[in-house]
Structure formats: structure tokens, C-alpha cells
Amino acid sequence: MIIDGGHSGEKRVEIIPSVVDMKRYQKKAQGECEDEIVRVGWIGSPTTAKFLLTIENVIKKTLNEKSKFIIIGAKLPAVFERCSVESWTWSLEAEIDLIHKLDIGVMPLVDTPFERGKCGYKLIQYMACGLPVIASPVGINKKIVRHGENGFLAGNEHEWIEAITTLQNNTLLRKEMGSKGREMVEEKYALQVNAQKFINMIKQIE
């Protein structure tokens with residue numbers, strides 16, 4: 001929701017971002033699903049799974065005997081059928097538990113006007129669960145991801161490979177970035193914070 005001083009002469013503009021309920025989105029517990037396999041994952045829908053094809057080579061080049069790529073909410077694209085890529089069925093009840101099974105969350109996009117208008121919700125979900133993130137530097141992603149702090153922005157194949165490999169090989173960095181991401185969500189993208197902000201905005205409307 002937007003209330004501001006823009007081109008139409010508004011006196012004030014406020015932005016309410018997409019939010020998650022922090023009572024529901026708990027941080028991944030230390031030791032939860034920790035084994036020798038590093039799971040890089042994506043959550044979405046069949047209509048947005050096409051963006052995974054933009055990092056097809058990245059996924060294939062970063063997979064090894066100690067890593068897997070997980071797709072939540074969409075069927076396995078044919079190009080990944082012979083790779084260490086798995087498709088997990090999404091449900092509202094299970095989505096948080098599924099994210100907790102990941103170690104790194106990704107959000108690849110193409111840079112078009114429509115994608116620049118996306119809200120970055122999957123990044124917020126990953127970060128709320130304490131995961132480090134990697135995303136294309138498109139639209140709101142550039143504000144949600146603080147490069148080198150809570151994750152990485154990757155604009156080309158080399159940067160994607162470097163970001164995934166760095167996080168795959170550094171457990172401590174994953175935890176540190178995941179904690180920073182969780183803190184950001186608590187501060188800026190939590191229902192508990194923005195609900196009151198929204199109420200206050202409505203009360204101030206003349």
C-alpha cells in the first residue's frame with residue numbers, strides 16, 4: 001500500500017511491504033536438517049519456475065556429491081531430470097518446514113518491467129527462516145538483499161556460481177548471513193511491525 005507526495009501532488013507517501021507472520025515463521029533451529037548435504041533451494045509456483053532456466057548452467061555447475069538443488073512448488077523441469085535436483089510438493093501447512101530443510105535460498109529473475117514490480121516475497125520467507133539468500137539484482141531484490149551481509153546479488157553466471165560456491169563451502173558464513181537476514185525481516189518485513197504501521201496510517205488519513 002502507498003500513501004505519498006508523488007507526481008499527483010500527494011502530501012505524503014508510505015509503503016507497506018509484503019510481510020510474514022514471525023510467530024509462524026520461526027528461525028531454522030541449529031542442527032535442524034544438518035548433514036553433509038548442502039541444499040540450495042527455490043520456492044515458487046509452476047508459472048514462475050521458468051526463472052530457474054536462467055540459472056540452469058549455474059545449477060548444473062555447482063552440484064556435486066555434497067549438494068542438491070531443491071524446487072518447492074513446481075514440477076522438475078526436464079533439463080534437470082538427470083541431475084541432483086529434487087522437486088518437493090508445496091502446501092501451506094508444510095512450506096515453513098520445507099524451507100527449514102534448505103541451507104540457501106535463491107531468487108533468479110529476468111530484468112523486465114514486470115519482474116521489477118515483484119515484491120521479493122520468497123526472499124523474505126527464506127530470511128525469516130534464517131537462510132542466506134542469493135538473488136538477481138532486479139527491482140526490490142536490490143533493497144532486500146544487502147550484498148555480502150545477508151546474502152549476495154548475482155547478475156551473471158560467474159557471480160551466481162561464485163555466490164553459491166562461497167556459501168556451500170562456508171557453514172559459518174551461512175549462519176551469520178542467515179541471522180542478519182532474520183534480523184532484517186523482524187525489523188522491516190514482519191506482520192507484527194507493519195500491522196501497527198498500517199493502522200497508524202489509516203488513523204492519520206484526513
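Eight salt bridges are counted in the structure, a salt bridge being defined as a side-chain nitrogen of Lys or Arg within 4 Å of a carboxyl oxygen of Asp or Glu. The structure is a predicted model, in which local features need pLDDT of at least 70 and side-chain atom pairs count only at pLDDT 80 or more, whereas totals for chains, interfaces and linings use all residues. Residues are numbered from 1 along each chain as its sequence is written, and side-chain values use heavy atoms, with hydrogens and water left out.

Among these salt bridges is that between E95 and R24, whose closest N and O atoms are 3.3 Å apart. This pair links distant parts of the chain, since E95 belongs to helix α2 (residues 95-100) and R24 to the loop between β2 (13-15) and β3, 71 residues apart; helices (H or I, at least four residues) and strands (E, at least two) are taken as DSSP runs and numbered from the N terminus. E95 is buried, with a relative accessible area of 6%, while R24, at 35% relative accessibility, counts as partly exposed. In these terms, buried means under 20% relative accessible area and exposed over 50%, with partly exposed in between, as computed with a 1.4 Å probe on protein chains only.

Of the two partners, R182 counts as buried at 10% relative accessibility, and E186 counts as partly exposed at 39%. In the salt bridge between D111 and R116, the closest N and O atoms are 2.6 Å apart, and R116 is partly exposed, with a relative accessible area of 43%.

Turning to the strands, β6 (residues 104-107) has I104 and V106 pointing one way and G105 and M107 pointing the other way, and all of these residues are buried. In a regular strand the side chains alternate between the two faces of the sheet. Strand β6 pairs in the parallel sense with strand β3 (residues 38-43) over two bridges, where pairing requires that DSSP finds at least two bridges between two strands; in this pairing, V40 stands opposite I104 of β6. Strand β6 also pairs in the parallel sense with strand β7 (residues 133-135), over three bridges, and here the bridge partner of M107 is A135 in β7.
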